[in-house]
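Dear colleague,

I am pleased to hand over the structure below.

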Amino acid sequence: MANKILIPLYGNDIAPRFDLATEVLITDLDENSENREEKIVVLPQASAEQLCSLVITEEVDVVVCSGIEEEYYQYLTWKRVRVLDSVIGPRESVLERFYKGRLKSGDILYDKKG
Amino acid sequence: MQPLIDKIPLSIVVLDTNRRIVTLNRALEALTGFSKEEASGIPCHHILRSKICLKRCPAMHMNEESEPVCVESDLINRDRKLIPVRINLASLKGPNGKVVGYLETVEDMRPFRELDAKISQAYSFAHLKGRSPQMEKIFQILPVFAQSDSSLLVTGETGTGKDLVAEAIHQASSRAKGPFVKVNCGALPETLLESELFGHQKGAFTGAVENKPGRFRLAHNGTLYLTEIGDLPLSLQVKLLTFLDDQVIYPLGSTKGFQTNVRVIAATHRNLEQMVREGRFREDLLFRLNVVRIHLPLLREREGDIRLLLDYFLNSLTSRFRKNIKGFSKKALRILMDYQYPGNVRELRNVIEYAVNVCQEGQIQHHHLPAYLTETKPLIKETYTVKDQVPPLIQSGLNEHKLHETEQTWTDLERKMIMDALVKTRGRRSKTAALLGWGRSTLWRKMKQYRIDQ
């Protein structure tokens with residue numbers, strides 16, 4: 001199972017735009033899928049190129065994001081990073097569904113009443 | 001209300017006071033890729049995904065007295081396309097005057113951007129750009145010349161756009177669907193040039209193992225563009241003259257002529273009248289070519305065009321290299337406007353391409369320009385040798401840059417810049433990097449690329 005996930009954040013939610021996110025969550029699940037290491041990286045400025053570079057240097061396996069331009073999607077895919085885009089919702093709900101193996105591109109996990 | 005807003009071609013979204021989506025219309029569904037069922041109840045910024053939502057949402061500070069707001073932004077739709085949009089936001093008030101929600105319209109600006117691009121094609125003919133009186137006259141006369149089938153002679157110094165004029169005339173003519181074949185008369189030795197132009201018959205010379213059609217036959221029903229016609233050897237000038245008279249070509253080694261329907265456009269930077277006086281160019285050929293003549297002025301003589309071209313190349317190159325450079329600093333602009341451009345438009349383009357590549361900021365500064373522009377004030381010498389008219393030479397205090405007739409690519413220019421800077425700093429690489437406005441690692445990489453480090 002993929003261990004390292006990167007999620008651009010906007011508050012506690014998945015950031016609506018990959019290229020405008022200044023905070024990212026990088027979470028690393030160990031082999032037993034028990035212990036999860038999380039860190040939040042703050043970027044000096046929003047930049048899709050810098051974010052892609054971070055994905056590569058951190059050896060991220062999966063990027064979970066919302067809006068991302070085709071160019072960056074294709075780049076990350078070419079670099080063998082799995083990209084689940086158009087995901088909307090709070091980060092905890094998204095991670096929970098991901099670890100259950102049920103998260104896919106386009107999922108909307110928002111509490112519409114809240 | 002839903003059936004009503006669905007009929008409106010403009011994208012509309014209605015928000016509650018928490019900026020969550022109440023409903024949206026079909027046009028917005030098509031624009032964003034989200035259906036109203038999916039979007040309902042979701043905060044607007046997750047669906048619209050617009051830059052302005054995340055930076056400074058106008059709805060955040062709206063109250064009862066606020067006026068509607070119009071902002072330009074962009075959004076990314078579900079197909080991962082970045083779309084420029086104009087967003088209008090107004091508050092919706094209840095019977096008691098309090099804000100009960102917001103109405104947002106989203107206009108797709110892509111058609112307008114395409115129109116802007118077309119409008120920016122003003123001051124141009126094909127790929128030629130200019131708004132000076134000299135170029136206006138040329139733009140007016142080019143379509144007329146294009147419609148004629150007469151031979152055309154294009155003169156002008158290196159980098160003034162002779163190739164572009166030839167191609168523009170071909171494209172605007174009735175021969176546009178036919179081939180446009182270009183031959184550089186100065187590029188090949190005489191023996192090869194004859195075979196190249198007129199073709200050869202099998203066995204005409206050693207190595208002629210089959211018939212070769214030649215460029216004239218390849219240009220049949222189209223246009224043959226002979227650049228550097230002044231370099232055409234006298235023996236071939238005779239053959240060209242025969243063609244212009246009879247429209248018949250005789251391949252090398254053949255006694256049989258072939259009829260071809262070709263329009264000839266010739267170009268040169270040389271003074272053909274002078275060459276005729278010296279016996280190096282046939283007078284009768286000059287008369288035949290000189291039926292229609294276009295002379296392209298020097299860039300420095302084209303009033304107002306330098307500024308137009310600086311902006312044009314900056315826009316097209318920043319777009320091509322995906323840079324976010326907005327313009328020139330005052331000092332950089334002054335340097336660029338004062339420079340004489342002996343290499344004309346080609347040199348101007350090379351300078352801007354260099355600056356765009358070097359610049360890592362949002363504006364081109366003077367230190368992003370090639371070093372030779374900012375060194376001692378260049379002197380323009382209008383020198384003509386006894387034999388030929390040559391383009392004017394620039395002589396600076398430190399460097400002698402002889403701009404040759406052959407094209408200087410950006411790579412050649414950059415290599416020369418590095419060499420000149422190294423000479424100036426006596427090989428000190430840190431100072432060289434500072435002079436060029438680069439980091440040391442960038443200089444090291446480029447020196448390795450051009451093998452200057454060896």
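To begin with a pair of helices, H1(A) and H2(A) are roughly parallel to each other, a term used for angles under 35 degrees, whereas over 145 counts as roughly antiparallel, 65 to 115 as roughly perpendicular and the rest as oblique. Helices (H or I, at least four residues) and strands (E, at least two) are DSSP runs, numbered from the N terminus. The axes of H1 (residues 48-57) and H2 (residues 70-78) of chain A come within 11 Å and cross at roughly 15°; axes are lines fitted to C-alpha atoms, for helices over the stretch in contact, and angles run from 0 to 180 degrees between N-to-C directions.

Ala48(A), Cys52(A) and Val55(A) of H1(A) meet Tyr72(A), Tyr75(A) and Leu76(A) of H2(A) in this contact. Two residues are in contact if their C-beta atoms, placed from the backbone, lie within 7 Å. The residues of the contact of H1(A) with H2(A) comprise six nonpolar, no polar and no charged. Here Ala, Val, Leu, Ile, Met, Phe, Trp, Tyr, Cys and Pro count as nonpolar, Asp, Glu, Lys and Arg as charged, and the others, Gly among them, as polar.

Please note that this is a predicted model, in which local features need pLDDT of at least 70 and side-chain atom pairs count only at pLDDT 80 or more, while totals for chains, interfaces and linings use all residues. Residues are numbered from 1 along each chain as its sequence is written, and chains are lettered from A and ligands numbered from 1 in the order in which they are written.

Chain A has three helices and six strands, in the order β-β-β-β-α-β-α-β-α from the N terminus. Chain B has 20 helices and 18 strands, and 34% of its 454 residues count as buried.

The contact between the chains takes 16 residues from chain A and 15 residues from chain B. On the side of chain A there are eight nonpolar, three polar and five charged residues.

The largest nonpolar core has 53 residues, and Ile7(A) and Ile14(A) are among those with the most contacts inside it. Such a core is a set of buried Ala, Val, Leu, Ile, Met, Phe, Trp, Tyr and Cys residues joined through C-beta atoms within 7 Å.

Yours sincerely

Technical notes
Buried ≥ 20, exposed ≤ 12 C-beta atoms within 10 Å, placed from the backbone.
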